[in-house]
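Subject: Structure for your files

Dear colleague,

Here is the structure you will be working with.

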Amino acid sequence: MCGIISVVDRSRSGMDGSSIKNALSLMDERGSGEGAGYAAYGVYPDFADYYAIHLFFNNLVEPKGAVDEILRAWGKIEHEEEIPTVEQPDLRRTRIPWRYFFKPDPTLMPGSDTPEEDIIMMLVMKINTSIQGALVFSSGKNIGVFKASGWPEAVADFYQIDQYEGYIWLAHNRYPTNTPGWWGGAHPFNLLDWSVIHNGEITSYGTNRRYIESFGYRCTMFTDTEVVAYLCDLLSRRHGLPRELMVRAFAPPFWDEIDRMKKPEMELNHAIRQTYGSALMNGPFAIVVATADGIVGFTDRIKLRPLIAAEAGDRLYIASEEAAIRRMESSLDHVWMPQAGEPVIGRVQS
Amino acid sequence: MNPGSVPAKFKVRIDADQCMLCERCVENCPYGTYRREGEHISVDSRRCVACHRCVAMCPRDSITIEEKPVDYRSHPLWTRESREAIYNQARTGRIVLAGMGNASDLPIIFDRLLLDACQVTNPSIDPLREPMELRTYIGKKPRKLDLRKKRNGDIELKTRLHPNLRLNTPIMIGHMSYGAISLNAQLSMARAVASEGTFMGTGEGGLHPALREFQDNMIVQVASGRFGVDIDYLERGAAIEIKIGQGAKPGIGGHLPGEKIDPDISQTRMIPERSDAISPAPHHDIYSIEDLKQLVHSLKEATEWKKPVFVKIAAVHNVAAIASGIARSSADAVVIDGFRGGTGAAPRVFRDHVGIPIEAAIAAVDQKLRSQGIRNEVSIIASGGIRDAAEVTKAIALGADAIYIGTAALIAMGCRVCGTCYRGLCPWGIATQNSSLTRRLNPDVEWQHVANLIRGWTLEISELMGAAGINSIESLRGNRDRLRGYLLDEAMMNILDVQPVGA
Ligand code: SF4
Ligand code: SF4
């Protein structure tokens, strides 16, 4: 189950959140009212150089005190505030959404190629595993995730997402089947620049989780999508795989196909499967991953979940249903169904 | 008192009305249970080891073998086994030998682990219609790939992959030497692994010329005795395995009695005829991980870094730390042999009491290597009493890359697990070098049985994976979410890192 929709404007023109809210709401039967969420890129231009750390607090006493302390130890909090929300009749407010705009001190992480990001990653893992009542659910620069337990419209109105303008949007309507619906379990999942929405179930979760944990990540949200965000961070940021090859690691060609490839191509695919076999994802899934410079959508290797792509001018859409895309943009230039495992990539012009 | 006499273990009976006096039982029993006496066959039940050769060969189904009920006063502590061991030892004053695997009645963890299957939200995959990938590469893997973008935008792979063994199925056959088993038994298994696209071990007995035809599917072993090891041997193998320990007898060496060293074995092992072949407990050049590393390097150097080198250890309580040292010694795979591993001959006290279960050992090793961030760079091969496809699947879900079978392959060739391999009289022509017995095993027939077994298990693993919604073995490896513990205590579930049923 679950409904996903995403859009990127390759010319970086901003879109407010109202149309994606409508599109997601069209797929209400793919959800159960237990989780929905949105991610938007480019929403904090005034703090573009700061990491926007979104958290759920159970209360603003002990957990917040502990978070303040750890953030101050590792860098500077430029600004902080409660994320503005408006009470909704059918959304039970169980957490307090908060945001910090934070700059880590890179000198505190000597020997790292990407000290700022490593500090943020470490802080996310540390807060989520050791501070009771605090959960970081978004930590990128100039991006924000907005999610809660509720129907898509209620969650959108709760956060007033029509007030935000972004050049990439992801949205997700959740039908939890394996784990309880709770605020932390709603999608998108995020780490640094990476945000992920996912429809399906990753049967390789146990393998993927144990792989990623051996690189210092800690899975705390009890769901299989979190691991995708961490895998993207590991393979792309830390190991430097280009986006296409990252997807190739997640949903590689079958060995039979690899055997038929020409030499350099075959060797590359061999190397990816042998090196990143534990990152291979199994089970039925359709996933969209976003970073600041674009989105990539792909399905499992035998396409057990739907995925549709479409283009209209500078915009690329990827979603579970064509009808949802048409709700955002009725006149599309081109609509297609990607092959199993084949990535659809929308890059922002640099 | 003379403690020599213990009651017979089995009662053999012949139905005289059925028997046609063909004497096949007489010919077939190497232990001398049967004798023709005039118009009937007389039986000495005391000699019977319940190998069932006679039962299989009797054309009239006239033979019945039963376990003989205990005629000692029953006692919960002083069981028949414990008393008889004492009687035997009081009589001989020697170490009691035993063959095959651990015969004590300890709980089997595999039986208390259950596999998972998908239902509605997560469809199971039908292996008859969808591709299932069991192909497994054993050997070192890079931690990450080094890629360069070329001017034309193409991506160039800078990383050079280490040599790996390519297996079509995660099932291999472990090391059983020529000497411990017959050449016909080795030939049958070699042909089977070649046909199924997998590998078998030579054991420490060298590589007989008749096996060269299958050398691309054979892993040559270097044990402490270094029997049969020369550069030609190393170069012929597809991979090299250094044997430090064995599951059936951790901490002790091997011993092939001089009587078994016939001219052919003496040639293959490169030792004098009729001399005892003793592998010492330790390698006399390995007393630390650094020493092991030197041997790994020397073997790689000698074979021009073209072959993966494995290191096999017995599963013992600190197996995880040892395996981590091995992983860092630049070995390509760690082989862990659990306490149910089979053997031609071991002191009974070792076979039944030393070592730990393979299930716990896999879990602990996999976890340790992960906590050190090196699990992905080295393969884990598990062995020790693996009995069916479900156990292979469970072993992989716990963290193994592949498994070795031993006894199961012998059973496929006729072994009845009578446990008397150490006497060298195996009635099925397996654990013997007696030509009248080895003739009984026809490699042209038996290879097919072994191949069938591997193929059948492989199909079952595909089905189990499909049921779990997994179409590639990489996603089963270390996937402990697909296992549930049933009637296991909490401490054991923690070691295995599995949830209880219902969770
Ligand atoms: S093999 Fe069977 S039929 Fe033949 S002599 Fe023995 S018991 Fe009788
Ligand atoms: S190999 Fe032969 S002697 Fe050993 S247990 Fe099997 S049947 Fe008995």
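What follows is a summary of confidence, the interface, the salt bridges and the ligand surroundings.

Confidence

Please keep in mind that this is a predicted model. It scores ipTM 0.89 and pTM 0.93. For chain B the mean pLDDT is 94, with 99% of its residues at 70 or more. Where pLDDT is low, predicted coordinates should not be read in detail.

Interface between chains A and B

On the chain B side, 41 residues are in contact with 40 residues of chain A. The size of an interface is often given as the accessible area lost when the parts come together. Here chain B and chain A bury about 3,500 Å² between them, and 51% of that is on carbon and sulfur atoms.

Seven salt bridges are counted between chain B and chain A. One of them joins the side chains of R273(A) and E133(B), at 2.8 Å from N to O.

Which elements of chain B each supply at least two residues of the side that touches chain A? They are β9 (155-157) and α10 (358-371). The largest share, three residues, comes from α10(B). By class, the side of chain B that touches chain A has 14 nonpolar, 12 polar and 15 charged residues.

Salt bridges overall

Over all chains the count comes to 52 salt bridges. Within chain A, D9(A) pairs with R315(A), and their closest N and O atoms are 2.8 Å apart. This pair links distant parts of the chain: D9(A) sits in strand β1 (residues 3-9) and R315(A) in strand β16 (residues 315-319), 306 residues apart.

Ligands

Ligand 1 is surrounded by residues of chain B, including C19(B), C22(B), C25(B) and C58(B). I14(B), I41(B) and I63(B) are also among them, as are E23(B) and R24(B). The shell around ligand 1 divides into nine nonpolar, one polar and two charged residues.

Regards

Technical notes: Residues are numbered from 1 along each chain as its sequence is written. Chains are lettered from A and ligands numbered from 1 in the order in which they are written. This is a predicted model: local features need pLDDT of at least 70, side-chain atom pairs count only at pLDDT 80 or more; totals for chains, interfaces and linings use all residues. Side-chain values use heavy atoms; hydrogens and water are left out. Contact means heavy atoms within 4.5 Å. Buried area is the accessible area (1.4 Å probe) that two parts lose on being put together, summed over both. A salt bridge is a side-chain nitrogen of Lys or Arg within 4 Å of a carboxyl oxygen of Asp or Glu. Helices (H or I, at least four residues) and strands (E, at least two) are DSSP runs, numbered from the N terminus. Ala, Val, Leu, Ile, Met, Phe, Trp, Tyr, Cys and Pro count as nonpolar, Asp, Glu, Lys and Arg as charged, and the others, Gly among them, as polar. A residue is near a molecule or strand if one of its heavy atoms lies within 4 Å of it. pLDDT is the predictor's confidence in each residue, from 0 to 100.
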